[in-house]
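Hi there,

Here is the structure I promised to pass on. Have a look at it first, and then read my notes below.

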Amino acid sequence: MPNPTAIENTETRIQPIVTALDAVRQRKPLVVNITNYVVMNNSANALLAIGASPIMAHSREEMSEMMSFSGALVINIGTLDSQWKPRMLFAVEQANISGKCVVLDPVGCGASKLRTEASRQIAQLANKLIIRGNASEIIALAGEGGQSKGVDALDESEAAVGAAQHLVEAYQCSVVISGSTDFVVTSKGQTQLRNGHAMMPYVTGMGCTLSAIVGAFAAVGEDTGLAATAILGVAGEIAAEQSKGPGSLQLNLLDALYQLDEETLIQRLKLS
């Protein structure tokens, strides 16, 4: 028989995640995304599925106004170029003025000098920051020479924990490391999450989707990335069980995010 004390402890640890999900669904926060062309549709639909309101805004002319009434800013450098970079930096400045959290997804950091320098500039500029990346991106951002192959990680997530701790201290932020085991690293410690499925990396932009969802939770005050990581991991696990391959996984993931409830989180979430 299950240990009643263990079940009670699990429910206690999961309750803040459930509360955060309820807050997103009730408040429907607006999340401004400056993200890459590949994942705009994926990110917007995932935000809608959990109850948030996405907007893909890239123009300097409206960014000050957007950040004044939005909940958070997500910056994804996946299709970075000379035009996008100054827009991103300007958007971070406007987020700072409005006191909003910035979620940085340093896609391919370490793969090129442009990506690495831009990621560090954005991280340095943001007053309220969450960084979400794979192990190689986190190691490269911290300057510890992580191996990078485009947007794919060649390092295991656990190998990036030290680099994440360095980033937490350097930028007074929290860091989410995505991988077969996810890590959320903050100034108070680290949490490991072991949900998800091996099929998920075969869908492009799955990490970018997580970054967008992190923005939704940051917008309602859950600003470490833990709730978003937990929810996407469980939803991905459920979706994979119902999918024949990556194509159907994309569709089933949106349904799983939309239908996710407290009971399912308590039954499935693996965190320590």
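This is a predicted model: local features need pLDDT of at least 70, side-chain atom pairs count only at pLDDT 80 or more; totals for chains, interfaces and linings use all residues.

A residue is called buried when its relative accessible area is under 20%. By that cut-off, the buried residues of α2 are N42, S43, A44, A46, L47, A49 and I50.

The largest nonpolar core contains 52 residues, and F217 and L257 have the most contacts inside it. At least two residues each are supplied by α1 (4-27), α2 (40-50), β3 (72-76), β4 (101-105), α8 (206-219), α9 (226-241) and α10. Of these, α9 gives the largest share, with ten residues. As background, nonpolar side chains in soluble globular proteins tend to be buried together.

Another residue to look up is L141, which sits in helix α6 (residues 135-142). Is L141 buried or exposed? L141 counts as buried because its relative accessible area is 3%, and the cut-off is under 20%. If you want a distance to check in the viewer, L141 and N96 lie 45 residues apart in sequence and 21 Å apart in space, C-alpha to C-alpha.

Finally, the surface. D22, D261, E262 and E263 form a negative patch there. One of them, D261, belongs to the loop between α10 (246-259) and α11 (262-268). D261 has a relative accessible area of 34%, so this residue is partly exposed.

Enjoy exploring, and write back with any questions.

Best wishes

How values were computed. Residues are numbered from 1 along each chain as its sequence is written. Side-chain values use heavy atoms; hydrogens and water are left out. Patches are made of residues with over 30% relative accessible area and no salt bridge: like charges are joined within 9 Å, nonpolar side chains (Val, Leu, Ile, Met, Phe, Trp, Tyr) within 5 Å. Accessible areas come from the Shrake-Rupley method with a 1.4 Å probe; for residues, only the protein chains shown count as cover. A salt bridge is a side-chain nitrogen of Lys or Arg within 4 Å of a carboxyl oxygen of Asp or Glu. Lys and Arg count as positive and Asp and Glu as negative; His and the chain ends are not counted. The place of a charge is taken as NZ of Lys, CZ of Arg, CG of Asp or CD of Glu. Helices (H or I, at least four residues) and strands (E, at least two) are DSSP runs, numbered from the N terminus. Buried means under 20% relative accessible area, exposed over 50%, partly exposed in between (1.4 Å probe, protein chains only). A nonpolar core is a set of buried Ala, Val, Leu, Ile, Met, Phe, Trp, Tyr and Cys residues joined through side-chain atoms within 4.5 Å.
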